[in-house]
Amino acid sequence: MKRKSAPCRPVYNPQTWNGSAHVGLNHCYNYATDVMTDNAALPGEGSGKACCPTDASVTCAKVGAAAVSDKLQATASVTTGNPPHAHFVALALEPAGTSGRDFHWYRRDCNGFWSHKVGNSPARNVDESGQPIVDPQTCDRGNYSVFCGFFVCDPSIVTIF
């Protein structure tokens, strides 16, 4: 008997995230992990290890460690296709010394392209130049010029609030 393969996920469906009831309450971390909490979740909050209360504490290492504490898994590279029951996400930061230094998350959808949601703005599948996102390492990320790396996210086990 042939085992049924897991459905491709996440599907790029911005209407769900961009509806008036959710667009302002779910930011990039919610969107990237594909977990809608309606409370602008931050890395580490779900595991009780909230990250980055100051500009200086917003580093690749600290934001990444907070996400890992929420059960994302750091990975050195991205393969063709998403892992079973999971998907890839990517982390980028604004440069050190930026006032109000921020981080940003991207996710790879099952169509092979990447999408993201900046703060309380709508989810989209294009970069800052309006181009489809093939690789978050090389796309126009605007202010998020520091690329930190990739992670694997299984929304069924990730702990974000």
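1. C52 sits in the loop that runs between α2 and α3; helices here are DSSP runs of H or I with at least four residues, strands are E runs of at least two, and both are numbered from the N terminus. Although C52 is not a glycine, its phi is positive, about 65 degrees. The relative accessible area of C52 is 16%, so the residue is buried (buried means under 20% relative accessible area, exposed over 50%, partly exposed in between, with a 1.4 Å probe and protein chains only).

2. On the basis of the note: this is a predicted model, in which local features need pLDDT of at least 70 and side-chain atom pairs count only at pLDDT 80 or more, while totals for chains, interfaces and linings use all residues. Residues are numbered from 1 along each chain as its sequence is written, and side-chain values use heavy atoms, with hydrogens and water left out.

3. D34 also lies in the loop between α2 and α3. D34 is not a glycine, yet has a positive phi of about 65 degrees. Its relative accessibility is 25%, and D34 therefore counts as partly exposed.

4. The sheet is open and consists of six strands in the order β1-β6-β2-β3-β4-β5, with antiparallel pairing (two strands pair if DSSP finds at least two bridges between them). The edges are taken by β1 (73-75) and β5 (123-124); each has a single partner strand, so one side of each is left without a neighbour in the sheet. Between β4 and β5 the antiparallel pairing extends over two bridges, and K117 has A123 in β5 as its bridge partner.

5. Helix α3 (residues 60-69) packs on the sheet and touches β1, β2 (87-93), β3 (103-108) and β6; contact means heavy atoms within 4.5 Å. The direction of α3 makes about 150 degrees with that of β2, where axes are lines fitted to C-alpha atoms, for helices over the stretch in contact, and angles run from 0 to 180 degrees between N-to-C directions.

6. Strand β3 is mostly covered, with six of its six residues buried. F103, W105 and R107 point one way from the strand, and H104, Y106 and R108 point the other way. β3 is joined to β2 by five bridges, running antiparallel; L91 has W105 as its bridge partner in β3. Three bridges join β3 to β4, also antiparallel, and Y106 stands opposite H116 in β4. The two strands β3 and β4 form a hairpin with five residues between them, and in the turn G112 has a positive phi of about 90 degrees.

7. The largest nonpolar core has 21 residues; such a core is a set of buried Ala, Val, Leu, Ile, Met, Phe, Trp, Tyr and Cys residues joined through side-chain atoms within 4.5 Å. Those with the most contacts inside it are Y29, V63, L72, V89, L91, F103 and W105. At least two residues of this core come from each of α2 (28-33), α3, β2, β3 and β6. A second, separate core of eleven residues includes A86, F88, A92 and I133.

8. Leaving aside neighbours within four places in sequence, L91 is in contact with residues including V63, F103, W105, V146 and F151. Y29 lies in helix α2 and, at 1% relative accessibility, counts as buried. Not counting residues up to four places away in sequence, Y29 touches A41, L42, P43, G44, A67, D70, L72, W105 and I160.

9. There are five aromatic pairs; rings of Phe, Tyr and Trp (its six-membered ring) pair if their centres lie within 6.5 Å, and planes under 30 degrees apart count as stacked, over 60 as edge-to-face and the rest as tilted. The ring centres of W114 and F150 are 5.8 Å apart and the planes are at 40 degrees, so this pair is tilted. It links distant parts of the chain, with W114 in strand β4 (residues 114-117) and F150 in strand β6 (residues 146-153), 36 residues apart. W114 is buried at 2% relative accessible area, and F150 counts as buried at 8%. Ring pairs also link Y29, W105 and F151 into a cluster.

10. R107 lies over the face of Y31, at 3.9 Å from the ring centre. The criterion is NZ of Lys or CZ of Arg within 6 Å of the ring centre and within 35 degrees of the ring normal.
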